Amino acid sequence: MPEIDYLDFDIEIEQAAQSYRIEVNSPAGQSSSAFQPPFSELELENFLLKLGQNRRVMRRIDAPDTEAAKTFGARLFDATFNGDIRACLRSSLDEATRQSKGLRIRLRLTDTPELADLPWEYLYHSALNRFLALSNKTPLVRYLELPERIAPLAVATPLRVLTVIASPRDQPTLDTAREWQRLQEALGELIERGLVTIDRLEQASLLALQQQLRRNTYHILHFIGHGGFDTHSQDGVLMLEEPDGSGYRISGQDLGMLLHDHQSLRLVVLNACEGARTSRTDPFAGAAQSLVQQGLPAVIAMQFEISDEAAIILAREFYGALADSYPVDAALTEARKMLFAAGSGTEWGTPVLYLRAPDGKIFDVAAVASAPTRRATLLPEPPPEGASHERFLDAALPEQVVVGKTIELVTQIRLPDSAGLRALLGQPDADFEAQPNDVRTRAFAANFPRDALGKPAPLELLLAIESTDFHTPTPRQKIRLDPFQDTEPLIFLLTPLKTGELRLVVHVYAAGELLLASGFLKVNGISQLAEGLLPLKRLISLSLGSFGIGEQHTAAVGIPGNHSPSPPTAQPNEEPPPRPAPEPAPVATSPAQSVSVGRTAWMSWAAPFVTIIVVALVVGAVYTRMNNNASPSSSPVPNLTSAPAAQTTTTIAATALPTVVPAPTSIPTPTNSPTAVSTVTAVAEATPGLTPADFAGWHELRALDAGAVVNGIAIAPNGQQLAAARSDRFVLLWRIADGTLLSRLDSGLARGRVTAVVFAPTGGLLAAARSDGAIVLWNAADRKQIRVLIPRLARPQAIQSIVFSHDGNLLAAGGDDQLIRLWRISDGTLLRTFKGHTASVWGLAFAPDDKTLASGANQSQPGPNDRDVWLWNVADGNVIRTFKGHSSGVLSVAFSPDGATLAAGAWDETVRLWNVADGTLLHTLEGHPRGAGSITFSPDGRVLASAAGDGNARLWDVASGMLLRALEGHTNWASSVAFTPDGAMLASGSADESIRIWGK
């Protein structure tokens, strides 16, 4: 790689009599000019709001926020580079080109800290048609000049990164396990290449940080957590943890004093809110600026919230460029370019670089280390006493591998005398899809460390699966190998995107050293690309999020097992999202946190996009209706078609209706309220109904913190308790009256999640569905577990919907195996299995007389069957009628209390209501962005509540189809809604980890 060097173009802004004055010192000489900020405070605020709003909605290079950034950046550029200063810039660029160098734009705002909050990173040169900060020829840094000289630190790779992930119990919860996993995945390739190592501080306390820095040498500190700006002290603060888990506020100045003496520490990355904010009077009052003042050569902080996807790309590309000997500003520019190319909108401008190293070189990196040297064994000496160092690795794939669909590779590390994977796969309760048709075994040796007593201690290994037949990033998983026990089977979910032989290589690493590289799999007969046409969004989903590692493998992203597609599930160690599955959050979602939805993991990878476009062209599946979101992985979204043209429709605009203003919470209220309309067919006779005035007083009464993504909610028949299915093994129970948490029920899952929860109408039982195909029953009064219903299958799959009959005697369950099972509650007998659906069953509802059962399937591809709602005869399992109208998969169904009306919500963003007696379509309720995932009738049957992918719940008049109220407050997918028995309140659960209670 040619050495990257820069000339400096210094821009210093000072106070002047009327406004400000710019002084420039450049390769072309000095120049000065007056400067007047080109924006009012209101214009600046509106621009920043627009960036944040569009970030949650779409993520494309040509998104509106990019155009807004160009307009903003051009005005700021024209105000800054005017007159002689622009001529000076042009001459300086020419001089840098002549010397084969770049031109570093160094912004000096020490005397004008009130200008530091301007997003200078969006400076846009209209004549060159580019953002300055998006070219490594013109990187932009916030330069802070201090008396101490900074010299590059000579280091040999790997660069050592210490990660601090802080989530105090008295602050909004972060999924620390997921944050850690995402960062590991982002840097996985660099770790394998020996360029970077990454350690995590076990407890994010000040004491633990000091001890870790004293005992080890680190080059980079990477902080993930909460941050803010203390307006009283006028200083930035970060939230660490006390030993008891409570929050500990530390200012940037105090943290800088702690870090000052660690000379090897050259860079701090703050992935926290307001990490780049500063005082309007003190240039060193922000967290990042204070760290630089205390001696850190460089600090990167975020001036806006950053999504999970962007944080992953930023970490991977930035640290990779640093390891390749790039100056820190050039390395950040490389990361910005990848963010831009990956379609992240304007998030490339989120990171801000504060620098005090004059040449930007904080590391003098020695020659890059080569890949780990292969060794037959790591044990020149005899193995530790009592422990066998020899291990065998088994692996197996299903016999049939279908292109474009998720497959499962199962691996296990075992002792020489254990039964091995073949025997394990033959067990009837094995909960994965792989078959023992092609089990390959290879031996390797592992050197177990010794503990303080000299006994063999566990060893951490890294398993990575590599193949040129996959276009997804290399799946990898860290495992902890015990000296005396076998390792649990690992499930690697993979999606092949081309025909031919499938060749995989398993790499086993210990401390960066390769123990085993075994090319052991060869599967022929891969089928053609697709059976019919796949929508482009479906292909994106299969590629971007089609693998997961470790525990959460059932119903994985792409396709559960070998069955039909259903929305993705979460990655291991990651809170799985509620349904319906969204396209990511953002989260996220966290700067490395995301949030996921609809039982889908929020993963997004830049590399597969080119492949996706190619594949889409091959199958001719380019669809124009695309919904982009900030979440890390796209969910499978079906083909959407318009309603039949023959229907005569009446459109009622929802924008004229009153909107609920939620009570203040720690979660921001979404600003994008979609238009909702009701399309009433000609066959529907208009009848008097409710009006928006009847619900004008409805507002948010309280918000309950679930601490994890909410997959489903239910309200007890007495109206006093609310149960929530979390995206882990627990069901939480609250008292509705005051929001008191009453109980935390353990579903008994060793791994997986609770997918749905429901109370028996008689009030005696509470049931929860699990991702391993089981149903847990509790006594609702004393909350003691009564029974677990488990289908006798070799490979049970996740249940997506459960419902009690109205007499409480029966329970129906639908799942990813496309079946509906009917259980008798009294003795746990499986009475009947309803077969016929060709996709995962997400919607179930008993008619009030319990003689019929309605179902809907999440058909992600166009098909003749599973776009309809089916009505079954409970007695014999036959289909009585199908209700047509939806153009894509059904996510939820519900009967009105009198049984006369059947409603269903679907991926086509509508809720449809039919007359049960003759199948007549009554109303089409439009305006449910990214799908209507949950619906329910009020106890009197006059109101229908619906939940949609935009995070909003809606109330509709059943008689007229009119939108009565939009209940806004959730910041992520609304997964479920439930009325209290008196209809006075409505509860809604969401992927934003909250439950909100609405009413007057």
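Before the sheet, one term: two strands count as paired here if DSSP finds at least two bridges between them. Also keep in mind that this is a predicted model.

On that basis, four strands make up an open sheet, ordered β38-β39-β40-β41, with antiparallel pairing. β38 (799-804) and β41 (829-834) are the edge strands; each has a single partner strand, so one side of each has no neighbour in the sheet. On average, neighbouring strands here are turned by 20 degrees against each other, direction ignored. Inside the sheet, β39, residues 810-815, pairs with β40, residues 820-824, over five bridges in the antiparallel sense. Ala812 is found opposite Leu822 in β40.

Now the rings. The count is 14 aromatic pairs. Take Tyr122 and Trp348: the ring centres are 5.0 Å apart and the planes stand at 70 degrees; over 60 counts as edge-to-face, so that is what this pair is. Where do Tyr122 and Trp348 lie? Tyr122 is in the loop between β4 (102-108) and β5 (124-125), and Trp348 is in the loop between α9 (328-341) and β17 (351-355), so the pair ties together parts 226 residues apart in sequence. Both Tyr122 and Trp348 are buried. Phe318 and Tyr319 form a tilted pair, 5.5 Å centre to centre with 50 degrees between the planes. Phe318 is buried at 3% relative accessibility, and Tyr319 is buried at 2%.

Tyr122 and Trp348 also belong to one aromatic cluster with Tyr124 and Phe131.

Last, charges over rings. The charged end of Arg160 sits over the ring of Tyr218, 5.0 Å from its centre. Arg744 lies over the face of Phe730, 4.0 Å from the ring centre.

Key. Residues numbered from 1 in each chain as written. Predicted model: local features only at pLDDT ≥ 70, side-chain atom pairs only at ≥ 80, totals over all residues. Heavy atoms only, no water. Helix = DSSP H or I, 4+ residues; strand = E, 2+ residues; numbered from the N terminus. Axes fitted to C-alpha atoms, helices over the stretch in contact; angles between N-to-C directions. Phe/Tyr/Trp six-rings, centres within 6.5 Å; stacked < 30°, edge-to-face > 60°. Buried < 20%, exposed > 50% of the residue type's maximum accessible area, 1.4 Å probe, protein only. Lys NZ or Arg CZ within 6 Å of the ring centre and 35° of its normal.
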